[in-house]
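Please have a look at the sequence and the coordinates before I start on the details.

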Amino acid sequence: MVAIYILLVLMIIGAFIALEVKDLLSAVVAVGIVGLALSLLCLILKAPDVAITQFIVEIIALIILIRATLKMDLPLSISNHRVFTGLAALLFAAAVLFVAVFGGAFGNLPAFGAPEMRVAQTYLGDGATKTGAINVVAGILLDYRAYDTLGEATVLFTAVIGVLAVVRRVGRKEADATPGRDNE
Amino acid sequence: MSKEHEKGMSLIVKKVTCLTVGLILLYGIYIVLHGHVSPGGGFAGGVIIALSFIHLMLAFGKEAAMKRLSESKASLFEGLGAVSFLAIALLGFTGGYFFKNVAAKGDPGALFSAGIIPLCNIAICLKVGAGLFGVFVALVLLKFDTEKK
Amino acid sequence: MSSIGAQMPYVLTLFLFCLGVYGMLVKRNVIKIIIGMVIAEYAVNLFFVLAAFKFGGRSPIFSTTDKELLAANMVDPLPHALVLTAIVIGLATTALFVAIAMRLYEKYGTFDIAEIRELRG
């Protein structure tokens, strides 16, 4: 229980550093710290599938983010305070925290550490015999809730097509490109 | 950026990569195939396989990795993974409804058990791995006019 | 129902989410906006995994050697399945956002969205 609080505080400090530091490469490294602490926290919370996937996905996200920041001829990020959106963000945070803490939202959740598990009792009860998989999470992902996995595969496919479409140069021939003109 | 990517990195990195990249690929295949027995599954395994190819590209330069998995082959694998996932789902119609688990379920804990779940894991692994490698190639090899100074 | 002291992990997770939203709204650099989105996504995934935890529970994998240790004490496996889907989708959106950011840099020469807005027209 103490480890959960220590890792949560580490994540908050890491997130704060990532948002406030001026050098972009340090900010990306701080996001890596947040993701690593999240993966350790998932391991402590007895979720090994989630921990493995989060760790691996965070490594790829770091590589892609470093590619975006490393070789650009950038000045350091400018310190900025746009007053109106700062006030809006502060108001949002205050309203959300007030409603959650005092308005009874967190009071109505089941207590931390005692989930209700009404649907999960059915999955755990005859999951191993009906699906044949002893990893119950894999059985849920690919047998009980296979439509969600089909939807996720579609979203991933669409995102890959989107990236290739954004990155590809359209309509620029080598022979008759006049310098400075942008054919789209 | 493109010139450095054609050369690769220093000698120490190349020697260490020779030793580790095969092990990373093998580890990814292990996690995919044992997805129904131990934690992991298709998504984590696919991303690990993509990471092994990315490791090869970062250490040796663009040509060494593209020789093994060119862009057209990556998009072929991704389409193959998506279509085979759908085909396995449509096979469920022979048993009753869409996505029904029709293959034989062995005894739990063996490697050949749990019906269509290992086949679905392999299809997802192909799709995710090839897709993420394609995304990385597109983002890294994008040549900028401002960078080519 | 239950006091706030017992729900403290949820409050800290909500604070992390508010930090991510602050990053998305206030910052001017596109990379900081992407970092804010990534932090908010981590906070939501963390909330699901926290909601599934049970004190003294085991991870949701049956054991082949110890057959009596059945589903007695496992943590909730359903949010784990939802979070696995969400993590991979988050990676896809981050990659798309970074590709758009690199295109913006190529076209305008800067990552600062205030300057990009002035350059238009």
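I will go from the make-up of the chains to the contacts between them, and then to a few single residues.

Before anything else, please keep in mind that this is a predicted model, and that what I quote is computed from its atoms.

Let me begin with chain A, which has eight helices and zero strands, so that in the order of the sequence its elements read α-α-α-α-α-α-α-α. Chain A is 184 residues long, and 38% of these residues count as buried. If we take the contacts in chain A with a sequence separation of 6 or more, then 37% of them are between residues 24 or more positions apart. The domain assignment divides out domain 1, residues 1-69, and domain 2, residues 113-170, in chain A, and the centres of these two domains, taken over C-alpha atoms, are separated by 23 Å.

Chain B has six helices and zero strands, in the pattern α-α-α-α-α-α along the sequence. Of its 149 residues, 42% are buried, and among the contacts in chain B that join residues at least 6 apart in sequence, 70% are between residues at least 24 apart.

Turning now to the packing, which residues have the most contacts inside the largest nonpolar core? They are A:Val34, B:Val47, C:Ile39 and C:Val98, in a core that has 129 residues. From chain A, this core draws at least three residues from domain 1 and at least three from domain 2. To take one of those residues in detail, A:Val34 touches A:Met11, A:Gly14, A:Ala15 and A:Ala18 in its own chain, and C:Ile39 and C:Tyr42 in chain C, once residues up to four places away in sequence are left out.

That brings me to the contact between chain A and chain C, to which chain A contributes 79 residues and chain C contributes 73 residues. On the chain A side, helices H1, H2, H3, H4, H5, H6, H7 and H8 each supply at least two residues, and the helix that gives the most is H3(A), with twelve residues. By class, the side of chain A that touches chain C is made up of 59 nonpolar, 14 polar and six charged residues.

The helix H3(A) also meets chain B, and here the partner is helix H3 of chain B, residues 42-60, with the two axes coming within 9 Å and crossing at roughly 35°. Is this crossing left-handed or right-handed? The crossing of H3(A) and H3(B) is left-handed. The residues that make the contact include A:Ile52, A:Ile56, A:Ile59 and A:Ile63 on H3(A), and B:Phe43, B:Val47, B:Leu51 and B:Ile54 on H3(B). Sorted by class, this helix pair has twelve nonpolar residues and one polar residue in contact, and no charged ones.

Now for some single residues, beginning with the backbone. Most residues other than glycine have a negative phi. Against that background, A:Lys46, which is not a glycine, has a positive phi of about 60°, and A:Lys46 sits in the loop between H2 and H3 of chain A. A:Lys46 counts as buried because it has 21 C-beta neighbours inside 10 Å, where the cut-off for buried is 20 or more. A:Met117, again not a glycine, has a positive phi of about 60° as well, and is found in the loop between H5 and H6 of chain A. With 18 other C-beta atoms within 10 Å, A:Met117 is partly exposed.

A:Leu141 lies in helix H7 of chain A and is buried, with 30 other C-beta atoms within 10 Å. What does A:Leu141 touch, not counting residues up to four places away in sequence? A:Leu141 touches A:Thr149, B:Gly41, C:Ala81 and C:Leu84.

Leaving aside its neighbours within four places in sequence, B:Leu25 is in contact with B:Ile49 and B:Ser52. B:Leu25 and B:Lys15, ten residues apart in sequence, are 17 Å apart from C-alpha to C-alpha.

Key: Residues numbered from 1 in each chain as written. Chains lettered and ligands numbered in written order. Predicted model: local features only at pLDDT ≥ 70, side-chain atom pairs only at ≥ 80, totals over all residues. Core = buried A, V, L, I, M, F, W, Y, C linked by C-beta atoms within 7 Å. Buried ≥ 20, exposed ≤ 12 C-beta atoms within 10 Å, placed from the backbone. Domains from an automatic or database assignment. Contact = placed C-beta atoms within 7 Å. Helix = DSSP H or I, 4+ residues; strand = E, 2+ residues; numbered from the N terminus. Nonpolar A, V, L, I, M, F, W, Y, C, P; charged D, E, K, R; others polar. Axes fitted to C-alpha atoms, helices over the stretch in contact; angles between N-to-C directions. Left-handed = near helix turned anticlockwise from the far one by under 90°.
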